[in-house]
Amino acid sequence: MAWAKKILRVNLTKGTCASEPLNMEWAQQYLGQRGLATKYLVAETDPKVDPLSPENKLIMTTGPLTGTMASTGGRYSVVTKGPLTGAIACSNSGGYFGAELKMAGWDMIIFEGKSPKPVYLWLENDKAELRDATHLWGKTTWDVEEEIKKAHQDPQIRIASIGRAGENGVLYACVVNDLHRAAGRSGVGAVMGSKNLKAVAVRGTVGVSGIKDFKAFLKATTAAKKVLADNAVTGQGLPKFGTQVLMNVINEVGALPTRNAQDVQFEGARNISAEAMHEKRPTDGKANLITNAACFGCTIACGRVSQVDKNHWSVVNSPKYWGATGGLEYENAWSLGAANGVDDLDALTVANMICNEDGMDPITFGATIGAVMEMYQMGVLKKEQIGVEAPFGSAQALLELAHMTAEGRGFGKEIGLGSKRLCEKYGKPELSMTVKGQEFPAYDPRGIQGMGLTYATSNRGACHLRSYTVASEILGVPVKTDPLVTDGKADLVKAFQDATAAFDSSGTCIFTTFAWTLADLAPQLDAACEGGWTLERLAEVGERIWNMERQYNLAAGLTAKDDDLPKRLKTEPAKSGPAKGLVSGIDKMIPEYYKVRGWSTDGVPTKETAKRLGL
Amino acid sequence: MRVTFKLYAMLSDYLPDEARKTNSLTLDVPPGRTVGQVIDGFNLPPKLVHLVLVNGNYIQPAERAGRALAEGDVLAIWPPIAGG
């Protein structure tokens with residue numbers, strides 16, 4: 001079996017680390033990673049728990065294919081109750097940390113309680129111990145990585161840590177691993193910080209053994225890699241241009257939320273696009289993009305490695321930002337750029353670096369700055385309150401506020417609460433572009449109707465990675481559907497949500513789904529794991545996970561009223577592009593979705609649905 | 001009549017040098033010129049002509065040969081791409 005069949009339980013209050021067997025009955029029902037860790041969270045915590053209290057738990061979890069030779073098999077997730085949303089939080093990351101954790105012989109780590117002082121977990125195969133991290137508190141994720149490797153005299157240690165944002169209570173702090181990869185959304189880093197857990201450092205040399213049928217696994221993974229290589233998107237488009245290739249597409253179709261979603265097209269989009277990243281700068285003759293990069297075991301390699309001009313005003317006196325680093329992905333370029341009307345590519349790259357080094361979700365941070373800039377534009381917020389002039393388009397304001405937020409300085413403390421709390425405080429709740437308290441990402445629901453339903457029903461608050469209908473509605477994968485209509489979107493969203501939940505529980509990357517379907521994943525899992533894993537079974541597991549998350553949120557106090565979009569998207573028509581004159585048809589889609597899901601008109605899974613799924 | 005022609009990602013290589021900075025070119029074409037005819041004129045590899053938009057609206061493959069452009073239209077084309 002590809003599961004390690006072993007959990008590490010770390011009680012931070014008592015300072016203990018204990019091994020226990022993985023619940024294999026649950027593994028057969030929930031597979032691994034997102035599904036299985038959520039099952040543990042549901043079983044072990046009160047859904048009404050204060051997310052930042054010691055009673056909340058934080059789970060770092062791998063999937064059965066994590067650390068194996070399956071393409072993209074390097075994924076891990078962080079599962080907890082989210083402080084930004086009060087809902088289930090599950091954030092997925094790549095890099096190398098997840099594979100190292102699995103190769104140390106662990107399926108997951110469950111952190112409970114709260115340490116009386118800052119600590120980090122040192123994990124060397126089956127040896128686990130908590131070490132003092134007082135000297136690391138107050139340091140960035142980049143510094144933590146360097147110091148821990150130096151202390152252990154081992155450059156091959158893999159580290160996941162929080163930066164200053166996680167220490168300072170930024171509600172959208174993330175967990176950063178391998179310097180540039182992050183379990184980014186919903187504030188999982190804030191929960192880690194609330195437990196005084198600064199980092200997890202892992203060295204794993206045990207490897208992943210117990211593949212059920214190795215010959216079949218070799219055959220299945222080789223075939224699946226060929227599918228990725230032969231596909232134009234995963235074999236050519238993503239490696240060369242990364243996710244950033246979407247910037248011009250989404251702008252052209254009129255679905256690029258701009259200046260806090262006041263507009264749906266950004267005049268500066270091309271300046272911050274993948275194409276711009278490839279061009280030589282007139283200032284130093286070098287391109288922003290240096291090369292692409294892959295996470296563990298990935299044969300796609302969509303990651304960006306960038307370098308800014310050393311003489312750019314934003315870094316001329318900051319040599320630490322001069323080196324090659326994780327570059328802009330589409331979401332970050334949008335949230336830091338178009339959402340705020342900023343089109344300075346190097347400045348956005350630096351803002352992204354700050355988010356990486358201090359551990360902040362750039363989607364929520366950037367979108368919150370959009371709300372700040374709109375309130376500044378309206379005169380609701382003044383320079384004296386914010387600390388800087390903050391008109392739309394100001395890269396200077398963006399960078400200064402990024403530092404202030406991460407460090408918990410001045411108005412940055414308020415920005416660290418996210419746009420919902422901020423806009424409510426200043427009497428403008430309608431300016432928060434959120435669902436369940438989490439900022440929506442880079443697709444405007446007026447121009448891509450299915451994404452409105454995706455955001456409204458996402459169990460972790462607005463998110464594109466719970467059902468990426470953009471693939472179908474805009475990009476024609478697997479089939480082209482009309483982005484401007486609501487018909488058929490309930491079925492489409494459900495299908496994407498269930499399949500995504502299965503992929504997120506396997507240890508592989510959701511980006512494989514531009515080429516793979518569950519039919520490509522099933523043979524790999526079936527060869528690796530006992531239990532008879534078919535396409536149909538995976539779809540059912542995905543549906544079970546989705547409904548389990550829904551039940552958790554309902555028990556936490558969320559209701560159907562939380563399955564809604566910001567008023568702006570429902571009442572202010574798109575001003576330009578193909579969606580000109582349109583608003584989101586969310587009110588029509590929600591009842592259709594509940595019906596497709598087998599939920600009551602109040603959005604509660606019916607007894608029949610729960611019984612069918614074994615919940 | 002004048003139309004705007006845009007090529008992105010790998011297709012940028014099929015634009016004249018001076019147009020690559022903007023991914024955009026203004027074309028002077030006779031009235032009635034179709035999407036398919038413009039594409040043929042640039043010798044674009046059929047496999048790379050995936051996402052074809054006129055004024056942001058998707059044009060199905062079967063409609064491209066017969067879809068006439070109008071003054072001021074913006075024709076934009078991408079190869080198979082995706083992101084997240």
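# Chatting through chains A and B

Modeller: Chain A and chain B bury about 2,200 Å² between them, 63% of it on carbon and sulfur atoms. Buried area here is the accessible area (1.4 Å probe) that two parts lose on being put together, summed over both. This is a predicted model, where local features need pLDDT of at least 70, side-chain atom pairs count only at pLDDT 80 or more, and totals for chains, interfaces and linings use all residues. Residues are numbered from 1 along each chain as its sequence is written, chains are lettered from A and ligands numbered from 1 in the order in which they are written, and side-chain values use heavy atoms, with hydrogens and water left out.

Colleague: Thanks! How many residues of chain A are in contact with chain B?

Modeller: 30 residues of chain A, and they meet 24 residues of chain B. Contact means heavy atoms within 4.5 Å.

Colleague: And how many salt bridges does the rule find across that interface?

Modeller: It finds 2. One of the salt bridges joins the side chains of A:Glu252 and B:Lys6, at 3.1 Å from N to O. The rule asks for a side-chain nitrogen of Lys or Arg within 4 Å of a carboxyl oxygen of Asp or Glu.

Colleague: Which helix gives the largest share of chain A's side?

Modeller: The elements giving two or more residues to that side are helix 8 (232-241), helix 9 (246-252) and helix 11 (330-336) of chain A. Helix 8 has the largest share, with 6 residues. Helices are DSSP runs (H or I, at least four residues), numbered from the N terminus.

Colleague: New topic: where is A:Asp504 found?

Modeller: In the loop between helix 20 (489-503) and helix 21 (518-528) of chain A.

Colleague: Is A:Asp504 buried or exposed?

Modeller: A:Asp504 is buried, because its relative accessible area is 6% and buried means under 20%, with exposed over 50% and partly exposed in between (1.4 Å probe, protein chains only). Leaving out residues up to four places away in sequence, A:Asp504 touches several others, including A:Gln33, A:Arg34 and A:Ser77.

Colleague: What about helix 21 itself, which residues are buried there?

Modeller: Among them are A:Leu518, A:Leu521, A:Ala522 and A:Leu525. Their cover includes helix 7, helix 20 and helix 22 (535-556) of chain A.

Colleague: Helix 7, then: where does A:Phe214 sit?

Modeller: A:Phe214 is in helix 7 (residues 214-230) of chain A. A:Phe214 counts as partly exposed because its relative accessibility is 46%.
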